[in-house]
Amino acid sequence: MSTKHTNLIVSSAPHVNNPVDTKSIMRDVVIALCPALLVAIYVFGARALILTAVCVAACVIFEGGTRKLLNRPQTIGDWSAVVTGVILAFNLPVTMPIWMAIIGCFVAIVIVKQLFGGLGENFANPAIVGRIVLFVGFATPMTNWAVTSRMSSVIRDAAGDAVTGATPLGLLAAGKAVPSNMDMFLGLINGSMGEISALALLIGGCYLIWRKVITPEIPVAMLASIAVMALLMHQDPVFHIFAGGAMLGSIFMATDYVTSPITSKGKIIFGIGCGVLTMLIRVFGSYPEGVSFAILLMNILTPHIDRWTRTHINGVDRKAVKK
Amino acid sequence: MSSGKHLNGIHVNHCKNTAGQAIIPMSLPEKVYIPMSQHIGAPCQPVVAVGDHVKVGQKIGDSEAFVCAPIHSSVSGDVTAINKAMSQMGRVDTIIEIVPDGKQEVAETVVPPVITDKASFIKAVRESGVVGLGGATFPMSVKFNVKPPAKVDTFIVNGAECEPYITVDHQNMLTHAQEIVDGVKAVLKWLEIERAFIGIETNKPDAIKLFNDLLKDEKNISVAELRQVYPQGAERVIIYETTGRHLIAGKLPADVGCIVSNVTSVLKMQQFLATGMPLVTKAMTVDGNAIAKPQNVEVPIGTPLCDVIEFCGGTKAEIRKMILGGPMMGRAIPKDEYGVMKGNSAILCFDETAGTQLPETACISCGRCVRGCPMNLMPTKLAKAWERQDIDTLREYDVTTCMECGCCSYSCPARKQLSFEIKLAKTWVMGEDRKAAEKAKAEAEAAKAKAEAEAAAKEGGDK
């Protein structure tokens, strides 16, 4: 008689999985953020790296601590807190005091993410709310834009002898000359640490699309609608898609799975909404920049967009069914 | 042909390790265990008794039911027991035990059937015992017995073999191409169907070429090349990919003018038409990282699974998971003492590394399940609705359309068992729907009876 095998594992089909898991996705996002980090270090100096490291560490500690306090399974291994830390740091000026940055991390991880149930349950992007709370709470340090020798002469001239100066969007709002589109593309400007180089962010975006981590709908719809809105308002569309947080926001923040719609159609609506709101705030609002507010507002609409753009099964005439 | 659009699906690692390996006939086991329920539909009743001597191809189980296929002995020998016991399906079944005498004498009843018309053709197909051999096990004769007003114009031969690992359909196509074509011709002739497609995934270029050469003078039979996207072999997918027609839940392929049969089913049917030998053996791929010598074997129905593994050189690692069928839709079984059944196309054995379930994490709404679903469902939405027992949302999002192909679970980065949850939800909704229908029917009958009674009373009063 043959050897018998008993007590085998019984589980439901399928018995194989795509190797891509949450951890590998989050790790890919961190890899995609690296070019922008390198540009930040080049333009702003070592403090960019220190501030990013502090934010990452704070986010991971807050995540681990909250899970422990709430008696929930540990989730720091999924790298999502690392992503939030890097993105939040990228949204801060390099001169931001460390303790304030840590408050931003607390808001992002503890309040926005964990108190709503952790990864997957938060209705808004944690890093965006963290940034907005810091922006509203610490308006002066959050708009303290360091000027360094590596930046465009337009920025340096506008700042004069001061160590800080207005960002390109600030210069635009004040009706002053703005840096060339090439300097904006390369990132030789001031602003939040990670948002300055469109080139570095685009490299990261292409990596994410190549790795199938994100699909192009949201970034393309958002940037395209920013450009169209700029044209309608007789402004330079290229300047607007390179300026401020447009690139960082469209590629890395608006594409956050949890807080953006699921279907292609929904993603396009979401991206257009983000782009249009960004430009309305930039041009008509009292703030020079509007990307984070625009994305937050669209985050809130996401469940509704998901409902409007749900998929339907093939081969059924829906109009006939409704009647 | 299709409109150029395709249904969603996923890319799975093919793992066709046994591709190109000839199907080796397996030696006789010490005993065969033949269950009476090897198909969708009514179980067969034994037509032999303990102590009877049976021969190869002799009918040992049959039923009067319409949805049923008879079962034949795969060996010659003596019936030693007829027991109620657990079959590999996890259900208690009547199982006939036969001890082979080693002579493999063929039964006198094994003679080519005489076919004169459609009815005799369908009867012959029924007597062949052939069912959907891809794994669905729907009796072939029932499929062929199309009830008006449904009118079939397309016969689709399913040679997609989209499940990873399995290569027996591929091998059968390479070695029995002419018989398969003859079988298709018989179906077209007797069922008066206009055209046939032989659907083959493009990962089998040799089979595609072979059939293209064989069919170059045929006007109404052609090869449909299918993309290498799982699940091309799912009935609703292959119908759409070859004809552009959508088969919705609750409808039969005949309702959209199609009959779909697995390529090995067509082969076995043709072999019965030519020789009278019914379905008594089943080609299986034996593979997985715990199997010493992965190979394709032709196994007598009822052979214990453990004997098949032994025949393939046994194991090279401790088996922790054993799957009957492919890894996408196959069933994991708790032990391997069951007899091989008609629907088994593979035994896959995996060790600890591949056998254990990965821990589930939170849904991050990435949408991979939605993009992967061939039926355009929203698996994440359905699974969440199931978790909170929300039957309205399950109905609104068409849970009953799910065909359990497993694309959603496969692509989920949170390792959620979406397919499993949706299956549970589907069963629940269908059960509730049935209950509601029964209640409505009972109420309608009660109302009718009441109205009749009132009418009778009124009539009585008038008098």
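Visitor: In which hand does H2(A) pass H4(A), left or right?
Guide: H2(A) and H4(A) pass each other in a right-handed crossing, where right-handed means that the near helix is turned clockwise from the far one by less than a right angle, and left-handed that it is turned anticlockwise. The helix names follow DSSP runs, numbered from the N terminus, with helices (H or I) of at least four residues and strands (E) of at least two.

Visitor: Before we go on, what sort of model is this?
Guide: This is a predicted model, in which local features need pLDDT of at least 70 and side-chain atom pairs count only at pLDDT 80 or more, while totals for chains, interfaces and linings use all residues. Residues are numbered from 1 along each chain as its sequence is written, and chains are lettered from A and ligands numbered from 1 in the order in which they are written.

Visitor: Back to that helix pair: at what angle do they pack, and how far apart are their axes?
Guide: Helix H2 (residues 46-69) of chain A packs against helix H4 (residues 98-113) of chain A at about 40°, and their axes are 9 Å apart. The axes are lines fitted to C-alpha atoms, for helices over the stretch in contact, with angles running from 0 to 180 degrees between N-to-C directions. That angle makes H2(A) oblique to H4(A), given that under 35 degrees counts as roughly parallel, over 145 as roughly antiparallel, 65 to 115 as roughly perpendicular and the rest as oblique.

Visitor: Which residues make the contact?
Guide: On H2(A) they include A:Leu51, A:Val54, A:Phe62 and A:Glu63, and on H4(A) they include A:Ile98, A:Ile102, A:Phe106 and A:Val110; two residues are in contact if their C-beta atoms, placed from the backbone, lie within 7 Å. By class, this contact has 14 nonpolar, one polar and one charged residues, where Ala, Val, Leu, Ile, Met, Phe, Trp, Tyr, Cys and Pro count as nonpolar, Asp, Glu, Lys and Arg as charged, and the others, Gly among them, as polar.

Visitor: And H11(A) with H13(A), at what angle do those cross?
Guide: The axes of helix H11 (residues 217-232) and helix H13 (residues 246-253) of chain A cross at roughly 155° and come within 8 Å. That makes H11(A) roughly antiparallel to H13(A), and their crossing is right-handed. A:Ile218, A:Pro219, A:Met222, A:Leu223 and A:Ile226 of H11(A) meet A:Ala246, A:Ser250 and A:Ile251 of H13(A), and the residues of this contact divide into seven nonpolar, one polar and no charged.

Visitor: How many helices and strands are there in chain A overall?
Guide: Chain A has 16 helices and zero strands. Its radius of gyration is 22 Å, close to the 20 Å that the globule rule gives for 323 residues, so chain A is as compact as a globular protein of that length; the radius is taken over C-alpha atoms, and the rule is 2.2 Å times the number of residues to the power 0.38.

Visitor: Into which domains is chain A divided?
Guide: Chain A is divided into domain 1 (22-142) and domain 2 (214-305), with bounds that come from an automatic or database domain assignment. The C-alpha centres of these two domains of chain A lie 21 Å apart, and their contact takes 13 residues from domain 1 and 11 residues from domain 2. On the domain 1 side, the largest share, five residues, comes from H5(A).

Visitor: Switching to chain B, how many helices and strands does it have?
Guide: Chain B has 14 helices and 17 strands. The radius of gyration of chain B is 24 Å, close to the 23 Å given by the globule rule for 463 residues, so chain B is as compact as a globular protein of that length.

Visitor: How many residues does the contact take from chain B and from chain A?
Guide: It takes 54 residues from chain B and 36 residues from chain A. On the chain B side, the largest share, four residues, comes from H8(B), and the residues of that side divide into 27 nonpolar, 16 polar and 11 charged.
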